[in-house]
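Good morning, colleagues. Please look at the sequence and the structure as I speak.

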Amino acid sequence: MFRIIALFCLAFFVAACTNPNDLDKAPEPLGDFALGHNVVVAPNLTKGPVSRDASKEEWIASMKSAVDERFSRYDGDKLYHLGVSIEGYVLAMPGVPLVASPKSALIINVTAWDDAAGKKLNEEPEQITVIESISGETVLGSGLTQTKEVQMRNLSRNAAKLIQNWLVRQKYQEDWFGGTAADRKPAKPASAPADATAAAAASVPAVDSES
């Protein structure tokens, strides 16, 4: 609990370099990546200080939608599963003094699986801390200008973008997804259906929730 609160406090002072509004453009190549299972869980969900309430079911649905939206565009030759554990959140509330400029935030753990190899690509979950994008609507606190549903949607989309950034780094640094040599196929446009998901293996991988 104290670890979650400390991470949120840190996040309030860190600007997120995140632009999730790029789905109409071809994403950064991810080698032979195609999305298999999109698994989201929230066994240890913790609500941070001064936050609106949101259920596990609401967060799981929001995160699954954002992951599918971003990663179903890839049409590589191999299936990879993404497991996301939602650890904690803050959804800024209305009525908080403006001087506090409350921000919404989300903490997730992410694990990537190689379907063909039947194993994790990262033994330890990658922890990602997300804060809402700064805009005219959020500069004074999104609790004053946005509904809970909009806050969750924005955080989930930011989280999916940061997951993509991490996977791209791992491709370059660790040769995940066949490395740059596998950057052959262009990604599908955002509106195209994802054929790869239907071909995923029947077994659903477990998701790590401990960092």
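A salt bridge, in what follows, is a side-chain nitrogen of Lys or Arg within 4 Å of a carboxyl oxygen of Asp or Glu. By this rule the count comes to eight salt bridges.

Before I go through some of them, a word on the source. The model is predicted, and for that reason local features need a pLDDT of at least 70 and side-chain atom pairs count only at pLDDT 80 or more, while totals for chains, interfaces and linings use all residues. Residues are numbered from 1 along each chain as its sequence is written, and side-chain values use heavy atoms, with hydrogens and water left out.

Let me set out the architecture. Helices (H or I, at least four residues) and strands (E, at least two) are DSSP runs, numbered from the N terminus. The protein chain has five helices and six strands, and from the N terminus on their order is α-β-β-α-β-β-β-β-α-α-α.

Now to the salt bridges. Which residue does K161 meet in a salt bridge? The partner is D22, with 2.7 Å from N to O. This pair links distant parts of the chain: K161 sits in helix α4 and D22 in the loop between α1 (2–11) and β1 (33–41), 139 residues apart. I call a residue buried under 20% relative accessible area, exposed over 50% and partly exposed in between (1.4 Å probe, protein chains only). K161 is buried, at 14%, and D22 is buried with a relative accessible area of 14%. D22, R70 and K161 are linked in a network of salt bridges.

A second pair is K78 with D114, whose side chains meet at 3.4 Å, N to O. D114 is buried, at 9%, whereas K78 is partly exposed, at 29%.

I turn to two helices. The expected span of a helix is 1.5 Å times one less than its number of residues. Helix α4 (residues 148–174) has 27 residues and should therefore span 39 Å; its end C-alpha atoms are 38 Å apart, which agrees. After α4 comes D175, whose phi is positive, near 60°.

Helix α2 has the buried residues W59, S62, M63, A66, V67, R70 and F71. These cover an arc of only 135° around the axis, so they lie on the same side of α2; the arc is that of the directions from the helix axis to the C-beta atoms. What covers them includes β1, β3, β4 and α4.

Finally, the chain as a whole. Of its 211 residues, 49% count as buried. A contact means heavy atoms within 4.5 Å; among contacts between residues at least 6 apart in sequence, 81% join residues at least 24 apart.

As for confidence, pLDDT is the predictor's confidence in each residue, from 0 to 100. The chain averages 80, and 69% of the residues score at least 70. Over residues 4–17 pLDDT stays under 50, and the model has 24 contacts beyond four places in sequence for them. Over residues 135–139 pLDDT also stays under 50, with nine such contacts.
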